[in-house]
Amino acid sequence: MRTNSNIHLRLVLQILASQILFHFTFAFTTPTLYTQNAWTTSLHSSIDTIQDTIEERPQRIIVVGGGWAGYSFCESISKNNLEIILLDASKDSKGGLAGGYRSEKNRPVEAGIHGFWREYNNVFDIMEKIEGIDVDTVLGDYIPSVLFSQHGRVALAPVIGNDDDIVTDQDLIKENLQKLAMNPLDVGLLRKTLAALVPPPLDLPILAEFDSKDLFSALPNSERKQLAWIDLVSAIGLLGAWADFNPEERASWERYDTYPAEDLFRKAGITQTLKEELVDPLLHVLPMCPAYDCSAAAALSCFHVFALQSIRGAFDVRWCRGSISELIFDPWQQQLENRGVTFQGGSRVVNIEKTMDDYKYAVTLDGSEPTTLGCDAIVFAVGANSMSKITQFSPLLQSLPATKDFDRLRGITCVAVRLFLKPNDVVYTDSEGRKTQLPMDLAKKMNDSPVAVCGPNIGNIPELKETGFCVYDLQRMQDEFAVKTEESIDDNLAVLEVDFYRADSIVNLSDDEIVSIALQAAASALETSTIDGDLVVDKAIVRARNAVSHFAPNQALYSSGVDLGDNIYICGDWIDRTGHSSWSTEKSVVTARQAAAALSRDLKLAKSECDVIEVAEDTLQLSLLRDAARLLRKTLPPTTLPPSPWILAKQLLSGDKSI
Ligand SMILES: Cc1cc2nc3c(=O)[nH]c(=O)nc-3n(C[C@H](O)[C@H](O)[C@H](O)COP(=O)(O)OP(=O)(O)OC[C@H]3O[C@@H](n4cnc5c(N)ncnc54)[C@H](O)[C@@H]3O)c2cc1C
């Protein structure tokens, strides 16, 4: 690789050579006029020329990692006069974990389907900055999803943030109350009116449609498998910890991150049924891990961000109408290239060192003949596990105080399975008018939503004991696969996606074995017959080993802020867990903006755009609860996780504080 330092060296030698030639010629031809002064003046002006050349070189920034974090970082700084090079280990994929691939028969595939929650304000904002992208065209509407546990269908999570779903207008509420007085049996209207009267997140359980036959049963927990009202009420036991834990405060993370979420739920006294039916399935698909291997802080923060925060409809999700890589990252890369950003795929960074030439750092790329690239500043926008590996090979990174625990960072393995199936002759139209050619029994079972969210241990399939998954009907979600006209139905394919989270037990199986487990998993969760393997005409299995940040106990505390010092920065969904209260894609964009702000401050860049959209303020009720929790902590600081009143009573009565 030819670096600017080589060019400068050549320039210096050329100038020195011309100087010597000039002075020799001058000395021999006009010896009396030749003075020391003339030599130095001439040399100084040459050095000035070199200096000008060096100063003219734009500063070179290397961005390692081409996912949401890396692209967002480039977006924030690329209007400045800089040389920006984005390096990614992957040869052909744009978008990191949100990237796209091609199936055996060249059909589009992704490393898992990605949802966009209503509170992804920084993600929506950055998407709007991409020329040619209209967020509402690229993303579909918010749609409900259905939750399944090992005991069957649990609930339909409706979309509750759309204005026309719940009326918040006082006059309309009054009008609804009058209508209810006339017709008190209109349960739908009753739910919506009640939900409008309570603050979020209390509207969520009121509006969720639970499938339990035992909802109003008085049977004890051991005699039921499905949710009863008492299980839902037991969730109130988490209120103390929820109010006490401030997701944006380091001290809170320090207190809660060391405990497993299992302890949190035990101390809260939630029922076993609530845990199996609601809590475990959500943990297995959001932070993607079981309660014993998830930190209490991560569980509280995750539930807060995705469901409980103050905004009505925080749990609402929308999905991309096609491959994120093609619909979002392709135009984004074009925009960044137009601003001069260089993208270099197939470039795995293995080390970073200080240099003696005119660049500050030398970045080493993996290869049979390792190459180096100089730069003035570097940002790592890679996952936690990759950062851990890079740090282990880089003494310079190891010497930075903030990285002292990076070698303990862990990743979660995911496996995304996309199956293209022979279409069913009869097209099924769901209650929203969306069409699918999945086998009829599956299509009917997925009528309420093309998204089935499934917890662990479904169907007694040994490989799924600790593995959660989602089943998607992509004909109803992505334009490219949609059933367009009645005439074209024979040309279509039905497209079923099954994404497994914490998939260590299946990642090393063969493609055919994984396909078989995916078909069994979908059938067991949705209680349908298993799709015949002969219907599969094309498939793709994407294995993402240790690629998703794992929030096991202590992991958030091993992370650091965005600025590692000396012009080295980091961003991604595992960075600065104690800051802006966000997760996943949103957190990657937020930390990218924060890292870009730190770099812009250090390099005095005037044209950066790094403003972070802050999270919504707490509702009045939540802030009162938080005030009370703070007061309690000051006066009577708990030494461990706060117990619920009923667990506290149990402790006092039995004298056993370990309960
Ligand atoms: C199956 C699945 C489903 C998911 N679902 C959702 C969802 O519904 N909603 C949501 O918000 N999030 C979801 N996520 C999480 C989401 O994908 C991540 O939070 C987000 O993509 C992180 O983006 P990032 O840019 O920080 O990192 P990444 O996307 O991990 O990008 C890091 C990039 O760095 C590159 N890299 C790594 N090491 C090196 C190296 N040494 N040298 C050069 N390059 C390197 C990688 O190739 C990669 O391209 C899901 C993840 C998976 C796997």
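## Overall architecture

How many helices and strands are there in the protein chain? There are 23 helices and 23 strands, where helices (H or I, at least four residues) and strands (E, at least two) are DSSP runs numbered from the N terminus. This is a predicted model, in which local features need pLDDT of at least 70 and side-chain atom pairs count only at pLDDT 80 or more, while totals for chains, interfaces and linings use all residues. Residues are numbered from 1 along each chain as its sequence is written, and side-chain values use heavy atoms, with hydrogens and water left out.

The protein chain has 659 residues, of which 54% count as buried. Buried means under 20% relative accessible area, exposed means over 50%, and partly exposed lies in between (1.4 Å probe, protein chains only). The accessible surface of the chain comes to about 29400 Å², and 55% of that surface belongs to carbon and sulfur atoms. Accessible areas come from the Shrake-Rupley method with a 1.4 Å probe; for residues, only the protein chains shown count as cover. Among contacts with a separation of 6 or more, 70% are between residues 24 or more positions apart; contact means heavy atoms within 4.5 Å.

## Nonpolar cores

The largest nonpolar core has 139 residues. A nonpolar core is a set of buried Ala, Val, Leu, Ile, Met, Phe, Trp, Tyr and Cys residues joined through side-chain atoms within 4.5 Å. The residues with the most contacts inside the largest core are Trp-68, Phe-116, Phe-265, Ile-328 and Phe-380. Helix α14 (residues 296-308) gives the most to this core, with nine residues. A second, separate core of 38 residues includes Val-146, Ile-458, Val-471 and Ala-503.

Phe-265 may be examined in more detail. Not counting residues up to four places away in sequence, Phe-265 touches Leu-238, Ile-270, Lys-275, Val-279, Leu-283, Ala-291, Ala-299 and Phe-303.

Ser-78 lies in the loop between α3 (68-77) and β2 (82-87). Its relative accessibility is 5%, so Ser-78 counts as buried. The side chain of Ser-78 reaches the backbone oxygen of Cys-74 at 2.9 Å, and a polar contact of 2.7 Å joins the side chains of Ser-78 and Arg-339. A polar contact is a pair of N or O atoms within 3.5 Å; within protein, one must be able to donate a hydrogen and the other to accept it, and residues adjacent in sequence count only if both atoms are side-chain atoms. Leaving aside neighbours within four places in sequence, Ser-78 is in contact with Ile-84, Leu-336, Arg-339 and Val-341.

Gln-333 is found in helix α15 (residues 324-338). Gln-333 counts as buried because its relative accessibility is 12%. With neighbours within four places in sequence left aside, Gln-333 is in contact with Tyr-71, Lys-94 and Phe-343.

## Salt bridges

A search of the whole structure finds 37 salt bridges. A salt bridge is a side-chain nitrogen of Lys or Arg within 4 Å of a carboxyl oxygen of Asp or Glu. One of them joins the side chains of Asp-293 and Arg-410 (3.2 Å, N to O). Asp-293 lies in the loop between α13 (272-285) and α14, and Arg-410 in the loop between α17 (395-398) and β15 (411-421), so the pair ties together parts that are 117 residues apart in sequence. Asp-293 is buried, with a relative accessible area of 10%, whereas Arg-410 is partly exposed at 37%. Asp-293, Arg-410, Glu-466 and Arg-502 are linked in a network of salt bridges.

The side chains of Lys-354 and Asp-566 also meet in a salt bridge (2.8 Å, N to O). Lys-354 lies in strand β11 (residues 349-354) and Asp-566 in the loop between β22 (563-565) and β23 (568-570), so this pair ties together parts that are 212 residues apart in sequence. Lys-354 is partly exposed, with a relative accessible area of 48%, and Asp-566 is partly exposed, with a relative accessible area of 37%.

## Positive phi angles

Asn-457 is a residue other than glycine with a positive phi, near 60°. Asn-457 lies in the loop between β18 (451-454) and β19 (468-473). Lys-604, which is not a glycine, has a positive phi of about 55°. Lys-604 lies in the loop between α21 (584-603) and α22 (620-635).
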